[in-house]
Amino acid sequence: YFTGNTWVQYLVPNDDTFNTLVLSVVFEPGARNYWHTHPGGQILIAIEGTGYYQEKDKPIQLLHKGDVVTISPNVEHWHGASPDSAFTHIAINTNTHRGIVNWLQEVSDEEYR
């Protein structure tokens, strides 16, 4: 569900007490995930580099260290690194009892540009 080299580290595993999954994701320049949704929503916290975030039918947003994106449940989106910078974010998947992720189609090079 990724284009380019990406590393995912589970920081807090999902459980029935907190209903939250926390991940650290590192993207090489140009790497990104596929279009997807989160039934319970997601919070992204940019911690290093320059990233991209895009919701369906909206322009790409640049992300820098310290930026926070709150993604409402079931909003179709993708995120990853800009073409010239690696990017790392913390992904907090909330309300995981509703589901964690629904993967969709690959982000085309045209969409990425």
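I began with burial: buried means under 20% relative accessible area, exposed over 50% and partly exposed in between, with a 1.4 Å probe and protein chains only. The model is predicted, so I note that local features need pLDDT of at least 70, that side-chain atom pairs count only at pLDDT 80 or more, and that totals for chains, interfaces and linings use all residues. Residues are numbered from 1 along each chain as its sequence is written, and side-chain values use heavy atoms, with hydrogens and water left out.

**Entry 1**

I looked up Thr37 first. Thr37 counts as buried because its relative accessibility is 10%. Thr37 lies in strand β5, residues 36-37. Strands (E, at least two residues) and helices (H or I, at least four) are DSSP runs, numbered from the N terminus. Next I listed contacts, meaning heavy atoms within 4.5 Å. Leaving aside neighbours within four places in sequence, Thr37 is in contact with Asn74, Val75, Glu76, His77, Ile100, Val101, Asn102 and Leu104.

I moved on to His38, in the loop between β5 and β6. His38 is buried, with a relative accessible area of 4%. Its contacts, leaving aside neighbours within four places in sequence, include Ser72, Pro73, Asn74 and His77. I also found a polar contact of 3.3 Å between the side chains of His38 and Asn93. A polar contact is a pair of N or O atoms within 3.5 Å; within protein, one must be able to donate a hydrogen and the other to accept it, and residues adjacent in sequence count only if both atoms are side-chain atoms.

**Entry 2: the cores**

I then searched for nonpolar cores. Such a core is a set of buried Ala, Val, Leu, Ile, Met, Phe, Trp, Tyr and Cys residues joined through side-chain atoms within 4.5 Å. The largest has 14 residues. Those with the most contacts inside it are Phe27, Leu44, Tyr53, Leu63, Val69 and Phe87. The elements giving two or more residues to this core are β3 (21-27), β6 (42-55), β8 (68-71) and β10 (87-93). β3 gives the most, with four residues. A second, separate core of five residues includes Trp35, Trp78, Val107 and Tyr112.

I checked Tyr53 in detail.

I followed β6 to strand β7, residues 61-64. The two pair in the antiparallel sense over four bridges; pairing requires that DSSP finds at least two bridges between the strands. Gly51 stands opposite Leu63 in β7. β6 and β7 form a hairpin with five residues between them. Asp57 in the turn has a positive phi of about 65 degrees.

Most residues other than glycine have a negative phi. Asn74 is in the loop between β8 and β9. Asn19 also has a positive phi, near 50 degrees. Asn19 lies in the loop between β2 (6-12) and β3.

**Entry 3: aromatic rings**

I paired rings of Phe, Tyr and Trp (its six-membered ring) if their centres lie within 6.5 Å; planes under 30 degrees apart count as stacked, over 60 as edge-to-face and the rest as tilted. The count comes to eight aromatic pairs. Tyr1 and Tyr34 form an edge-to-face pair, 6.0 Å centre to centre with 80 degrees between the planes. Tyr1 lies in the segment before β1 (2-3) and Tyr34 in the loop between β4 (32-33) and β5, so the pair ties together parts that are 33 residues apart in sequence. Tyr1 is exposed, with a relative accessible area of 55%.

Tyr52 and Tyr112 form a tilted pair, 5.3 Å centre to centre with 45 degrees between the planes. Tyr52 is in strand β6 and Tyr112 in helix α1 (residues 109-112), 60 residues apart. Both are buried. Ring pairs also link Tyr1, Phe2, Phe27, Tyr34, Phe87 and Trp103 into a cluster.

I looked for charges over rings, where NZ of Lys or CZ of Arg is within 6 Å of the ring centre and within 35 degrees of the ring normal. Arg32 lies over the face of Tyr112, 4.3 Å from the ring centre. The charged end of Lys56 sits over the ring of Trp35, 4.5 Å from its centre.

**Entry 4: Ala81**

I ended with Ala81, in strand β9, residues 77-81. Ala81 is buried, with a relative accessible area of 0%. Ala81 and Val25 are 56 residues apart in sequence and 10 Å apart in space, C-alpha to C-alpha.
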